[in-house]
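Notebook open, structure loaded. I'm jotting down what I looked up, starting with a strand and its partners.

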Amino acid sequence: MARVYTNTACRLYNTDYCRMLHMVNCDSCTVASRNKASMDDLIRDLDALRALLPEDGIEELFLTNRCVLCKKQEPNPRTCYALLDLGNHEPKREGTNFLGIKTKLRTGSLLPVQLASCDDCKKRFMKLEYVVPFWVAGAGVISIVLLSYRPIREFFMAYGAEVPFAIFAVVMLAALCIGMFLKRSRLKRYAYLTHLDVMEIEKLKKLQELGWFELNEKKRYTKLIFNKKRLRQGVFTGSLKNSASERQNV
Ligand SMILES: [Zn+2]
């Protein structure tokens, strides 16, 4: 359904700025009520952000029916979206640190990036994320349950009062090792199928050249948040093209 914008009194009405903000409609717009100075700031920020993005924006990453994380020739159909935040040092900004002293901020701009994803790719990221906690928590619960069973505990305690604790520690360590081993082998296997480091996707490579970086520190794969639906509104969450089927200014 097309989004309808009705607030002709708004300074941003039917402008590129309005398209960049991609609000659901004028009633749910979070910026229209700003005063002049704060609107000036917003426009300056949006200009700066636009200058830091490729000419054709980033919409090809999410306005597509195909998974952009798949590495194969014929990517799977899109079933969900992956979200990550990128930061840029530009424009240079000053803020105050915890001592109240003025300091240069590390991040001048923030950009939420959505990636069309399929269930297979989503599962791979999930399996990488949870394999170690799964093994450690599972081993922890099972060994506590078993050791709290009196005959088992007493059997081990016959060898020494500290033996049950030692066994618990060994089991936990073994579970950690198994989890880490599985994670490593999955990283290798999945790397053939999915862009585990999303910055290797062409469009994101371009963003990297323009100074964008991942805000979350990455080990060997990108931390992503998966959602069934796209973000409804917000900067660069929609198309910059003013197609009548998407947007109407009345
Ligand atoms: Zn995929």
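Started with Gly87: Phe213 in β6 stands opposite this residue. Before going on, I noted that the model is predicted, so local features need pLDDT of at least 70 and side-chain atom pairs count only at pLDDT 80 or more, while totals for chains, interfaces and linings use all residues. Numbering runs from 1 along each chain as its sequence is written.

Next I checked how β2 and strand β6 (residues 212–214) are joined: they run antiparallel, with three bridges. For my own reference, two strands pair if DSSP finds at least two bridges between them. Strands (E, at least two residues) and helices (H or I, at least four) are DSSP runs, numbered from the N terminus.

Which other strands does β2 meet? I found strand β7 (residues 225–227), antiparallel to β2 over three bridges, with Ile225 of β7 as the bridge partner of Leu83. I also found nine bridges from β2 (residues 80–88) to strand β5 (residues 109–117), again antiparallel. Ala82 sits opposite Leu115 of β5.

Then I turned to helix α5 (residues 163–190).

Which residues of α5 are buried? I get Pro164, Ala175, Gly179, Lys183 and Tyr190, where buried means 20 or more other C-beta atoms within 10 Å of the residue's own, with C-beta atoms placed from the backbone. The buried residues of α5 pack against α3 (119–147) and α4 (150–157), with contact meaning C-beta atoms, placed from the backbone, within 7 Å.

How values were computed. A residue is buried if 20 or more other C-beta atoms lie within 10 Å of its own, exposed if 12 or fewer, and partly exposed in between; C-beta atoms are placed from the backbone. Two residues are in contact if their C-beta atoms, placed from the backbone, lie within 7 Å.
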